[in-house]
Amino acid sequence: FRDFGEYLGLAYQLRDDYLGIWGRSSNIGKSTQSDIINKKKTFPILYGLESDQEFRHRWNKPYQSSREIDEMSNLLEKIGAKDYTEQKETVLTQKAIESLDKGAIKNEAYLAILELVDVLLQREK
């Protein structure tokens, strides 16, 4: 159950990081530009910093306009950060479910936990 909680927590954080850049502001309750504006080093941002020189260069400059921030999120998508974040989330979700399957009795509580996993990780998919 400890492994289940760890994997689920990590998968949930990746979903949150994903939505912080590519989600809909009206659904997540904050601007999708705020993570970039605030230089928040979320999973997709770290991927971009590690993977792409252009992204690193732009990250280190102050932002002047909303358009520049949109360009940053588009660049992240172009270099594969969006897909990579989704793939890692999927792997962690699967590991969480596999961990749960090892220790859980398949009853109503088990089904309720699986439903919770679905609700937590299917936001805006």
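These questions and answers walk through a predicted model of one protein chain.

Me: How many helices and how many strands are in the protein chain?
Reply: From the N terminus on, the elements run α-α-α-α-α-α-α-α. The C-alpha atoms fill a box of roughly 55 × 30 × 20 Å along the principal axes. The count is 8 helices and 0 strands.

Me: What percentage of the contacts with a separation of 6 or more comes from residues 24 or more positions apart?
Reply: The chain has 125 residues, and 36% of them count as buried. Among contacts with a separation of 6 or more, the share from residues 24 or more positions apart is 63%.

Me: Which residues have the most contacts inside the largest nonpolar core?
Reply: This core has 15 residues. The elements that give it two or more residues are α1 (2-22), α4 (43-51), α5 (53-59) and α6 (66-78). The residues with the most contacts inside the core are Ile36, Ile45, Phe55, Trp59 and Leu76.

Me: What is Ile36 in contact with, leaving aside its neighbours within four places in sequence?
Reply: Ile36 is one of the core residues with the most contacts. Two of its partners, Ile45 and Trp59, are also on that list.

Me: How many residues are in the second, separate core?
Reply: This core stands apart from the largest one. Its members include Leu8, Leu14, Leu92 and Val117. The number of residues is 10.

Me: Are α7 and α8 roughly parallel or roughly antiparallel?
Reply: Helix α7 spans residues 81-103 and helix α8 spans residues 108-121. Their axes come within 11 Å and cross at roughly 170°. An angle over 145 degrees counts as roughly antiparallel. The two helices are therefore roughly antiparallel.

Me: How do the residues of the contact of α7 with α8 divide into nonpolar, polar and charged?
Reply: Helix α7 brings Glu89, Thr93, Ile97, Leu100 and Asp101. Helix α8 brings Tyr110, Ile113, Leu114, Val117 and Leu121. The division is 7 nonpolar, 1 polar and 2 charged.

Me: Is Glu89 buried or exposed?
Reply: Glu89 is found in helix α7. Buried means under 20% relative accessible area. At 0%, Glu89 is therefore buried.

Me: What is the distance centre to centre in the aromatic pair of Tyr18 and Trp22?
Reply: The structure holds 4 aromatic pairs. In the pair of Tyr18 and Trp22, the planes are 50° apart, a tilted arrangement. Both residues lie in helix α1, 4 residues apart, about one turn of the helix. The distance centre to centre is 5.4 Å.

Me: Are Tyr18 and Trp22 buried or exposed?
Reply: The cut-off for buried is under 20% relative accessible area. Tyr18 has 9%, and Trp22 has 15%. Both values fall under the cut-off, so Tyr18 and Trp22 are buried.

Me: Which residues do ring pairs link into a cluster?
Reply: The structure holds 4 aromatic pairs. Ring pairs join one phenylalanine and two tyrosines into a cluster. The residues are Phe43, Tyr47 and Tyr84.

Me: What does Trp22 touch, not counting residues up to four places away in sequence?
Reply: Trp22 is in helix α1. Its C-alpha atom lies 22 Å from that of Gln94, 72 residues away in sequence. The residues it touches are Pro44, Ser73, Leu76, Glu77, Ala81 and Lys82.

Me: What is the C-alpha separation of Arg2 and Lys82?
Reply: Arg2 is in helix α1 and is exposed at 66% relative accessibility. Lys82 lies in helix α7 and is buried at 19%. Contacts of Lys82 include Tyr18 and Trp22. Arg2 and Lys82 are 80 residues apart along the chain, and their C-alpha atoms are separated by 28 Å.

Me: What is the phi of Lys39?
Reply: Lys39 sits in the loop between α3 (34-37) and α4. Its relative accessibility of 31% makes it partly exposed. Most residues other than glycine have a negative phi. Lys39 has a positive value, near 55°.

Technical notes
Residues numbered from 1 in each chain as written. Predicted model: local features only at pLDDT ≥ 70, side-chain atom pairs only at ≥ 80, totals over all residues. Heavy atoms only, no water. Core = buried A, V, L, I, M, F, W, Y, C linked by side-chain atoms within 4.5 Å. Buried < 20%, exposed > 50% of the residue type's maximum accessible area, 1.4 Å probe, protein only. Contact = heavy atoms within 4.5 Å. Axes fitted to C-alpha atoms, helices over the stretch in contact; angles between N-to-C directions. Parallel < 35°, antiparallel > 145°, perpendicular 65-115°, else oblique. Nonpolar A, V, L, I, M, F, W, Y, C, P; charged D, E, K, R; others polar. Phe/Tyr/Trp six-rings, centres within 6.5 Å; stacked < 30°, edge-to-face > 60°.
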